[in-house]
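User: I'd like to go through the labels on this model and see what backs each one up. Can you take them in turn?

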Amino acid sequence: MIQDLQAILAGTAARKRETSVLDFKEAKPNVKDAWTDLAEAAVCFANSAGGTIVVGVADTPGGKQAFKGCSLDSDLLRQKIYHLTTPG
């Protein structure tokens, strides 16, 4: 994954580095929408071989501007994903 982040920083669009086990997400502005979006992504990985979701990276463009950051609380996000999915 470090190589993917370095490639994005060098100018490659994040969407071009995504795979069946790696997904980049930009957090939605509305926290409830963000929880739902990330829960859906987690379910997709849970229903396949697993994977990693990196939050705070825009799909396009590449370079420094792709790194948007994220203010979501990771513990609260974990709880919300648990409660939004069946089984949790």
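User: What makes Ala7 part of helix H1?

Analyst: Ala7 sits in H1, which covers residues 2-9; helices are DSSP runs of H or I with at least four residues, strands are runs of E with at least two, and both are numbered from the N terminus. This is a predicted model, where local features need pLDDT of at least 70 and side-chain atom pairs count only at pLDDT 80 or more, while totals for chains, interfaces and linings use all residues. Residues are numbered from 1 along each chain as its sequence is written, and side-chain values use heavy atoms, with hydrogens and water left out.

User: Why is Ala7 called buried?

Analyst: Its relative accessibility is 15%. Buried means under 20% relative accessible area (exposed is over 50%, partly exposed in between; 1.4 Å probe, protein chains only), so Ala7 counts as buried.

User: Which residues does Ala7 touch, leaving out those up to four places away in sequence?

Analyst: Thr12 and Arg17, where contact means heavy atoms within 4.5 Å.

User: What makes the largest nonpolar core a core?

Analyst: A nonpolar core is a set of buried Ala, Val, Leu, Ile, Met, Phe, Trp, Tyr and Cys residues joined through side-chain atoms within 4.5 Å. Here seven residues make up the largest one: Ile8, Ala14, Leu22, Phe24, Val54, Val57 and Ala66. Apart from it lies another core of five residues, including Trp35 and Leu77.
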